[in-house]
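Subject: The structure we talked about

Hi,

Here is the structure I promised to pass on. Please open it alongside this message, and you can follow the notes as you read.

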Amino acid sequence: MSKHKDQEENELIEENNNQENSVKESESTENMSDNKKELTPEEKLAQEKDKFIRLFAEFDNYKKRTTKERLDQIKYSNKDMVEALLPVLDDFDRAIKELEKDDKSADALEGIKLIYNKLFNILKEKGVSIIEVNPGDDFNIDLHEAITQIPAPDQNLKDKIVDVVQQGYLLHDKVIRYAKVVVGK
């Protein structure tokens, strides 16, 4: 959080310096034009009104930008906690796959699925969703991370996803972990 606050303060300082420089430049331009000819009161009023409108617009843009940044900060504030829980979800997935292979562990499988669903529903309420990836889907660099390429077992799988190694997740609309996939070549 302190890094983000420092970054915001630096941005504010930089923005204020930029505004001061633009005001100084406009004042020096005005001084040059004043030297060339004397402005009428109506022209001076129009210039001051224009400066006021521009300053008001800059301030309004600043308010909108900072409001958006604050909302984004609140929206993604639990990103670190969610990223820390993703390996737990992976462990549950592996446990479920192994227990599904054994017919004797039906009760254990049901218990593990209940706990997994409870944890995933809590994360879902916080904005987490799974990136849906299936073998045969097109490779999308915005959602997938290719960990290796293998010769395509079928011509239809060339440059497509052959296998999903690790599930990917989104937090609201941002990728917090790319789906790790094998691509056919």
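Below is what was found in it, going from the overall fold to single residues.

First, some ground rules. This is a predicted model, so local features need pLDDT of at least 70 and side-chain atom pairs count only at pLDDT 80 or more, while totals for chains, interfaces and linings use all residues. Residues are numbered from 1 along each chain as its sequence is written, and side-chain values use heavy atoms, with hydrogens and water left out.

**Overall**

The chain has four helices and six strands. Helices (H or I, at least four residues) and strands (E, at least two) are DSSP runs, numbered from the N terminus. Along the sequence the pattern reads α-α-α-α-β-β-β-β-β-β. Of the 185 residues in the chain, 20% are buried. Here buried means under 20% relative accessible area, exposed means over 50%, and partly exposed is in between (1.4 Å probe, protein chains only). If you take the contacts between residues at least 6 apart in sequence, 63% of them join residues at least 24 apart; a contact means heavy atoms within 4.5 Å.

**The sheet**

Three strands make an open sheet in the order E2-E6-E3, with mixed pairing. Strand E2 (144–150) and strand E3 (161–166) are at the edges with a single partner strand each, so one side of each has no neighbour in the sheet. From one strand to the next, the twist averages 30°. For that angle, axes are lines fitted to C-alpha atoms (for helices over the stretch in contact), and angles run from 0 to 180 degrees between N-to-C directions.

As a reminder, strands of a sheet pair through backbone hydrogen bonds, either parallel or antiparallel. Two strands count as paired if DSSP finds at least two bridges between them. E2 pairs with strand E6 (residues 179–184) in the parallel sense, over six bridges. E3 and E6 run antiparallel and are joined by four bridges; here Asp-163 stands opposite Val-182. As for E6 itself, five of its six residues are buried.

**Aromatic rings**

A pair of aromatic rings is described by the distance of the centres and the angle of the planes. The structure holds four aromatic pairs. One of them is Tyr-116 with Phe-120, stacked at 6.2 Å centre to centre with 10° between the planes. The rule is that rings of Phe, Tyr and Trp (its six-membered ring) pair if their centres lie within 6.5 Å; planes under 30 degrees apart count as stacked, over 60 as edge-to-face and the rest as tilted. Tyr-116 and Phe-120 are about one helical turn apart because they are four residues apart in helix H4 (residues 106–125). Both Tyr-116 and Phe-120 are buried, and together with Phe-92 they form one aromatic cluster.

Another ring worth a look is Tyr-76: the charged end of Lys-174 sits over it, 4.5 Å from the ring centre. A charge sits over a ring if NZ of Lys or CZ of Arg is within 6 Å of the ring centre and within 35 degrees of the ring normal.

Asp-91 is in helix H3 and is partly exposed, at 45% relative accessible area. The side chains of Asp-91 and Arg-94 are joined by a polar contact of 2.6 Å. A polar contact is a pair of N or O atoms within 3.5 Å; within protein, one must be able to donate a hydrogen and the other to accept it, and residues adjacent in sequence count only if both atoms are side-chain atoms. Asp-91 and Tyr-116 are 25 residues apart in sequence, with 9.7 Å from C-alpha to C-alpha.

Ser-105 belongs to the loop between helix H3 (79–101) and H4. Ser-105 counts as buried because its relative accessibility is 12%. A polar atom of the Ser-105 side chain lies 3.2 Å from the backbone oxygen of Asp-102.

**Two backbone angles**

Most residues other than glycine have a negative phi, and most peptide bonds are trans. Asp-159, though not a glycine, has a positive phi of about 60°. Asp-159 lies in the loop between E2 and E3 and is exposed, at 52% relative accessible area. His-172, also not a glycine, has a positive phi of about 60°. His-172 lies in the loop between strand E4 (168–171) and strand E5 (174–177), and at 33% relative accessibility counts as partly exposed.

Best wishes
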